[in-house]
Amino acid sequence: MIKNYLKIAWRNLINNKVYSLLNILGLAAGMAVALIIGLWVNYQYSYDRFLPNNGRLYQVMRNFNSNGDTLTFSSTSLKLADALRSNIPEFEHVAETDGWGAHGLMVGNKKFYWYGVQAGGDFLKMFRYTFIEGNAGAALKDPFSIVLTESTAKALFGSTDVVNKLVRVDNHDNLKVTGVINDVPANSTFQFKYIIPFSYFEATQSNVKNNRTQGFDNNDYAIYAELKPGASFGAVSGKIRDIEKGQTNSLNAVNSNVILYPMLKWHLYNEYKNGQATSGFIDYVRMFSLIGGLVLLIACINFINLSTARSEKRAREVGVRKAIGSQRRDLIFQFLVESTMVTFISFLFAILLVQLSLPAFNALTGAVFSIPYASPVFWMVMMACVLFTGLLAGSRPAFYLSAFNPVRVLKGAIQVGKSASVSRKILVVTQFSCSIALIISTVIIYRQIQYAKNRPIGYQISRLMATDANSDLARNFDALKNDLLQSGVVTAVTTSSSPATTVWSHTDVDMFPGKRPGETVEMGSIYVSDDYFKTLGMHMLSGRDFIPGAKADTSNVVFNEAAIKRLRLTDPVNQLITWNGQKYRIIGVVKDALMNSPYSAADPTMFTFSANSANGNLIYQLSPNLNTHAAVEKISPIFNKYNPAYPYDYRFVDKQYNQKFSEEELIGKLAGVFAGLAIFISCLGLFGLAAFVAEQRTKEIGIRKVSGASVGQVWLMLSKDFILLVTISCVIASPLAFYFLQKWLMKYDYHISIGPWVFIVSALAAILVTLITISFQSIKAALANPVKSLRSE
């Protein structure tokens, strides 16, 4: 019986090639969108799950009470790491890290400047990366050791058999290779090329060693911990919450609660609000999951509409089958088999479409995934989805067609009732409502990105370059600066403890005029050297800049506007503050600059003078009339002269700043692509329906033409119903899109307002696309010879 049903289904496909093509193409496109979004969503959820003990790994963080507002910081102290080891037996391992900095690696003539991690001895016991050489227990014991990833080992030595070989780091020390691990997967929050023991930095840098004994206020490090099997997350969270308060009376510790941030939330729940990780990239994952479902629903609606629209063509078949004894359930089963067959064929085309588009999609999103052909689970899920889609798409036609009365059908009295027509119209409205909402979303996202990009940022990022400073550059900084300026390629050079596009360090101002009892004031802190404000093009609003070479300026400070507002100072210049136990005089106020989020207000920031800030970031402004490629060629030898152990590494600050828009730009591009596909699929269905309507009204069109109707009048007659449906869709989609987009925009402090023109333009675009889609069939019908349609009358 099923074989017979399949034969009938195949014959129907062959005999109705145009409608079959429209159904298969629409379903294939919808399934391809749903599949590629599903693979992308699965990839996002797979982050960090390759580690066998991922459910017991946490980052230790702090919730800081800033005058009633809860601020969450990932930076912690070495003192806290020791306290956790000593007082919390539920932790199996605790490891501190000194960030993910870049270091120079050199073996012979091979020189690389790569990012790695400086981690405590338990790091590799917690994060169980697969070792090719060596083992986790011994790899980080020796302070003068290094663990390489497979690709790093091959780049430096040409093989992975490198244990006990030496790598020169930062042109300062030779570190012995004690292990080689597999390259870190792309779906890992941690990305690094090597691991250096934290004990190396304690042995070679006195300030790091001193920080372990200085107390809980020096929050410059990250701490990771692993719970023992069976340990209660809730119980441990309660024990560590006030662990700092019990050991110090410092204002920072008294106002801080220690919390655990689960590893499985790091990637998706990366935004803290009121001390809780409740949002982040997960919002976009959910949004695109919904979009994938909507696009698939649109494709299913196409199938339903085209199948029910052609019901008259199959009415006699249904009547004959019922007359010779077929039960309604048999007909329902037959039509569901047909729809499932069409869905399966569409699925095969969808697989092909996804395979062809994956390279471009991965390049667009920065993801690295493929279709898991070898996974039985994947095929089980796909077959279940095919079956579900087939049943969803075929259920309405199956129950509608099988309900025909055989006597009326065989007498030729069957007509498509109003209920079928109304249901098709409802489905068309649903289709276009979803599509138009996606169009509106794409426009709003694009406008929000452009709005933030066009916002004045307070400093000059064009032609501004940056290079990570190191010990050689710091030692030779004055000579390097002089040579760069003498070359004529560079107009200004400076150094700072933070990059130009972010603020790495935050601190509390101990005392200032008008401070209230118990008040805490947290703000960014940047050490700068000569010509910092000149190099970045930041403007002084009052007071003065730091005087080049003036040692007296080490006890002076410059604030930005936001900091002055936060301190409530009306006449700030020459006022005294206390910071880190030392008094500082305010000598100037600089205009706010957007160094963190371009969607938020400028952070309160203090700038202090320090010639030692060359150990952080070196920033320089190129001459205005010089080609950047030529500038780099002239600068490179100067850096190599004073920094021979490193390859010349540089960054353009404007590119770094534009990286801040990468997430929103990705969302905008994806929304645009999927909105386009949704419209395309909807138009396929509309094209089929327009053909059906023109075919159904052939005789009416012939009579109207004989009676003197023009081509334009016939076109308008056939088009007006579709235009009305799309207009209704616009009316429905606009308030829904406004509601959800307004909620999305509210997450940004600096955002656009949604004006009516967005909805008007989107509606006109949808109507225009509709007219283009249906005009081919309408004009074709209007131009047909009426004699052919009326010859049998």
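**Salt-bridge tour**

Start by selecting Lys125, which is partly exposed, with a relative accessible area of 29%. The model is a predicted one.

Arg128 sits in the loop between helix 4 (123–126) and strand 7 (131–133), while Glu226 belongs to strand 12 (residues 222–227); the pair links distant parts of the chain, 98 residues apart. Colour the two by accessibility. Arg128 is partly exposed at 34% relative accessibility, whereas Glu226 is buried, at 0% relative accessible area.

Salt bridges with shared partners join Arg56, Glu92, Arg128 and Glu226 into one network.

Then select Lys239. Which residue does Lys239 form a salt bridge with? The partner is Glu90, with the closest N and O atoms 3.2 Å apart. Lys239 lies in helix 8 (residues 233–240) and Glu90 in the loop between helix 3 (78–87) and strand 3 (91–97), so this pair ties together parts that are 149 residues apart in sequence. Lys239 is partly exposed, with a relative accessible area of 40%, and Glu90 also counts as partly exposed, at 22%.

To finish, show the salt bridges across the whole structure: a search finds 14 of them.

Key: Residues numbered from 1 in each chain as written. Predicted model: local features only at pLDDT ≥ 70, side-chain atom pairs only at ≥ 80, totals over all residues. Heavy atoms only, no water. Salt bridge = Lys/Arg side-chain N within 4 Å of Asp/Glu carboxyl O. Helix = DSSP H or I, 4+ residues; strand = E, 2+ residues; numbered from the N terminus. Buried < 20%, exposed > 50% of the residue type's maximum accessible area, 1.4 Å probe, protein only.
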